[in-house]
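Please find below a short note for a reader who is new to protein structures.

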Amino acid sequence: MGTAQVNSDTAPLLGTAQETAVRETAVRETAARETAAPETAARETAVRETAVRAGAGEPVAIVGIGCRLPGGIETPAALWQGLRDATVHRGGLLDDITGFDADLFRVPPAEARRMDPRRRIALETAWAALEDARIVHDGPTGSRTGVFLGTTEQGYDGAALPARIARTLGLRGPAPAVPAAGGSSLTAVHLAVRALREGAADLALAGGVDVRRGPRSTLKAEGVRGEGCGIVVLRRLSDALTAGDRVYAVVRGSAVVGSGPHPAGPAAGVVGLLSTALALHHGELPAGEGELGGARTGLVLAEAPYRRRLFVPLAADSAEGLRAAADMLADRIRTGDTWYVPELLGRATGSHRVVAAVAHRGELADALRTHIAARAQDPGRPDALAFCFGGPDTHRLDASRDLLGASRDLLGEPAFRAALDECDRALRPYTGRLVTGRLVTRRSVIPRSVTGELLADRAASGPELFALQTAIARTLSAWGVEPAVVLGEGTGEVAAAVFAGVLPLADAARLITTWSRLVAERADAGSREVDAGAGELAPELERRLGTLRTRLATVPFWSAVTGGYTDGSDLDAAYWARALCAPAPRAEAPRALPGGRALRVLAITPHPGGARQALEDVAAALWCDGFDVDWGAVTGRRRRGGPAPVALTVSGRTARARAENAGRLARHLDGTPDAGLLDVAYTAARHRPHLEYRASVVAASSAEAAEALRALAAGHGHPGLVAGTPDMRAPDMKVPDMRAPDRGTDLAVLFPGEGSRRIGMGRELYAAFPRFRWAFDEVCAALDPHLPLPLVAVLFGAADGPDAVLVQETRFAQPALFAVEVASYRLWESWGVVPAAVAGHAVGEVAAAHVAGVLDLADAARLAAARGRLAQADARPGEFGRVAAQCVFRAPSMTWVSTVTGRAVSADEAADPGYWVRQVRDPVRFVDAIATWERSGAGRYLECGPAGEWDEVRALTRELGVLHVAGQDIDWERVFAGGVPVDLPSYAFQRTSSGAPEPPVKMWGRF
C-alpha cells in the first residue's frame, strides 16, 4: 500500500477569511522582523522567500496522533486495534464529557467548570498528540506552532476555541477555527498543510472536535452525528527528518472544492485521516475499514519514506543446504512460528551465503529462491576489506538524508544520526551552521545570492562531505563491518584519518574548514581553476593550521602522501598541506596497497538517494563475501551487552498522576525485554515532560524497574527509588524524598579529599563511560611524568596484588583522587550538569581550581603530584612552593569557594602561589565554605569523586536521578547516547467532574 486519498464533504472555503488569516500571520511576522532588525531584513526575507518557494510542494509529515473517540478509544494503538476488530463506529457518543484534568493545564476550578466541553476534550487530545509525536509539552511554547480546529458552530465559542487552546499551551502560531460542519476537520488539516508550506508555521496541530448539546445516551447511536476528537501533529517532511521524528504517513497534496454539511460531524473526517495514516504506517488495510468520508475535501496520503526492509541472511556449506534452510524458514512462516530473527540467522557459518531483503514476508520465499539460484557456485572471496574515502568530485546536499531519523521502526539510523550530530558539534564553531539542517533541505542547489555569507558552495561542501563520510563509515562500523585498512584521496583522507583514530575529530574539523575556506577565498578572488593551482595554497594552509594533535592509529591507515602505512605520528600541518594541495591520483591508491592479498575496496561516499537501502545492500554483499555483519544492528534488533543500570524517570502534575503514570509504565515494562530498557529510559527522559512531582528509578532490568515503579504507585519505598515534590518535601509519600534548602536552587560541586581513596576506584566508570575514560586517560598522561610509576598500573592493579598498598601512599593517592575527580566532573559536564560554584578539600581543591579555569591541566597535575609528595614527606615545603610558583594562574571562570578562607576566591587570590602553601598547612574551613555557597544561591550539592561503594555505575546513576528529582537540568540526549525513541503509555489524565452531567435518556432505533 503506497498512497491513499481521504475525502470529506465541507462548505466552500477557498479564499475565505481563515486562509487569509493564515497568510496575514506570515506577513505580520515578516514585518515585525524587518522592524526589529532592518540591517538583516533583506537577507532574512530572501532566505524565507526561497524556503517558501522550495516548500510550496514539499510533503508534510504526520508525526503524531491524538484521539478521543467513543468506546474508550484514546490512543493510536487502541484506534488501530478497533479498526482491525471492526469496532470503530461513526455514530457513537463519548463516555464522559465532564471529566477534565484541570491541574495538568493549570486551569482554576471555576474556569474549568465554565469551560466549553469541546475545549476540555481538545486540550487533552492535543496533549496526547504531542506526546505521541514525542514532543515535550513545553517544547513548542512560544514557537510558531499553529492550531487548526474544525468545529460545528460559527459563534464566539467555536471561533475562539483554537485560540484558547493555543493560549493554554503557550503557542504563537495561527489559530483559525473552521466552522464548516461535517468536513471541517479535513479542511483544518488542509489549512495547516498550506500554512506549513507557506512558512506561516513550523509545527501544526490540526483536526476536529464535536460534542453534542442536549440529552445524551450511553447507547451506541448509529446514524446520528458522532462525538469525539482527533488531532494530528504536522511538520514539513524535511523538518521531521531533521528532528528524527516517527512519520506515520505523508500528506502529498490537499484541496477543497465545497459542498454542504455532513451528518457524521466534524470529527468524522479526521477519524478517516487517522485511520488511513495508521493503515499506511502498518502496511495493512484493516478488515473493519469502512467509509472514510465524502468527496469534497481531499487529502492525498502516502507511506512514510525510507521504510525498513526485512532481512533474512542464510548460510550453509552447500547450495542444497541453503535450499533446505530456506524451505524450513518458509514452513515456519506458514505455521505462524517465530521466524524473523536476523540477529541469530546472521551468526550461521558456511561458504554458501545469501541475504533476502523484502518489504513483506509474503515475498520472502521467491526472493530466497532467486538469490540461491544466482549463487549456485561458491564464488571466490577477497581476503580483506578496505574503506576508501573519496574526494569532493560531486555530492548533493540531500545525499543520505534518509539515514537521519532516529526511529528504530520506520526510518533513519541512530548510529548515523549520532555520528552526524557529533560532527556538527565539532564543525559548528568554524562553519556557524549545522550539516543536518542543510542535509534535509529539499532543494539540492541554493541560490548563491541567498548564501553569499557562506563565501562559496565549496566552503560549505567540504565540511559537509567530511561529516557525511565520517557518519557513513561509523554506521558501517556499528553494523559490524570493520575494514582491515583505511585510505583516502584528497579531502577524503581527512575523514579516513578520523576513522583510523590518528586525527581527533576537533582537529579534523578545523583542518577541513580551514582548507575549504582557503579554497573558497581563492575562488572568490577570480580563480576558477582552483584545483589546477592548489599547490600554491600549501604554505598558507600550513601557516593557518599551526599545530595539529595526532594519535596512534587504531585501524591501519594507508597514506596517499607517503605511499605506505603510517602510525599517525607524522600527520602534522605540513603533511596535510601536501595531502590536500597535491593529492595522489585516484587510480594509484588501491593498486599501491601492499601485501598481495585479494582486497575488496569499498568507496565511502554519500549516496544521492536511498542511502540506507544502498548501505544495507552493501552489508548484504559483504556478508555474502564472508565478512562479518551484525544483522541485529542493521535491523534495529541489536542484542546489547550485559545489564547496566539506567535512570528511569517518571513524573506527574500531582502525586496521584505520578503514581498512576508509574503504574502504567510498570505494566508496560512487563512485556519489555531487558535490552529495551535503555530505549524506554531514553524516551521517558528525553521525550516526556518532567513535571513538578518527579521520581527516578535506578534499575538494570525491566523487572527491577517495574518492581520499583509499582512501589511508587502504591506509595511504598524501594532501594532503587527516589521521589520528590515541588517544594522537595513529600509527607504523603512513603518513599525517600529530596529536601533542598530554601536559600536557592543553584548547583554546587564539592571535590573531596583523601578519605575516599581505595584500590580500583574509577575502574567501573572507566569501563562504562567513554567520556570518563577519555578524560581519565588525559589526566593520567599529564600526571605520569611526575610519578615514579604509571598511575593506571597502581590504581587499577589487582586488589590482592603486591602493589595494592601503593594506592594508600599519598604520593599516589592524591594524584589518583585528582584524576578520578576531574574525570568524574568531565562526565557530569558532558551530561549538561554544570555547577554555579565549586569547592574542594585537600587535593580536591586542586581539582576545583582546575575545573574553575584557574589552572590548566598540565599545571594542575604538576601541583597535585607535588602535594602528594609533600604529604608523603618525600618533599619539603619549599619545594612545593617552588612548584606552585612555576604554575600559571588565571581568574576563576566560575565561583570557587576556598576551604582555606571560607570565602569566594578573588582573581588576586587565585594568582597568588602562596595560597597553595597556606592551603597545605592551614585548617580546613569547610562549614564556612558551605555557608558561602548557600548565601550565593546554592541549593543542590554534588560530591564529585570516588563512590563510597563498589558498584560505581549504580551509585553514579542514582546521583543522576537525585539531581533530576531536585530539579537540575540534564542533557538526557548525551546521557542515553545510542537510545532511540519507543512508544510509552500515555499520560494518566486525572479527570474530575467539571460540571453536573446532563441526565441520560434512552434512545431507541436509528435516527
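**Notes on the predicted model**

1. The structure, which is a predicted model, holds 44 salt bridges. Side chains of opposite charge can pair when their charged atoms come close.

2. Glu692 is partly exposed at 24% relative accessibility, whereas Arg106 is exposed at 58%.

3. Asp983 and Arg246 also meet in a salt bridge, at 3.1 Å from N to O. Asp983 lies in the loop between helix 37 and strand 24 and Arg246 in the loop between helix 8 and strand 8, so the pair ties together parts 737 residues apart in sequence. Arg246 counts as buried because its relative accessibility is 3%, under the 20% limit. Asp983, at 43%, is partly exposed.

4. Within helix 12, Asp366 and Arg369 lie three residues apart, about one turn of the helix. Their closest N and O atoms are 2.2 Å apart in a salt bridge.

5. How do helix 31 and helix 32 run relative to each other? Their axes come within 10 Å and cross at roughly 175 degrees. Helix 31 is therefore roughly antiparallel to helix 32. Residues making the contact include Leu863 and Ala866 of helix 31 and Phe880 and Val883 of helix 32.

6. Val924, Phe926 and Val927 make a nonpolar surface patch of about 270 Å². Val927, in helix 35, is exposed, with a relative accessible area of 64%.

Methods. Residues numbered from 1 in each chain as written. Predicted model: local features only at pLDDT ≥ 70, side-chain atom pairs only at ≥ 80, totals over all residues. Heavy atoms only, no water. Patch = residues over 30% accessible without salt bridge, like charges linked within 9 Å, V, L, I, M, F, W, Y side chains within 5 Å. Areas by Shrake-Rupley, 256 points an atom, 1.4 Å probe, with all protein chains shown as cover. Salt bridge = Lys/Arg side-chain N within 4 Å of Asp/Glu carboxyl O. Helix = DSSP H or I, 4+ residues; strand = E, 2+ residues; numbered from the N terminus. Buried < 20%, exposed > 50% of the residue type's maximum accessible area, 1.4 Å probe, protein only. Axes fitted to C-alpha atoms, helices over the stretch in contact; angles between N-to-C directions. Parallel < 35°, antiparallel > 145°, perpendicular 65-115°, else oblique. Contact = heavy atoms within 4.5 Å.
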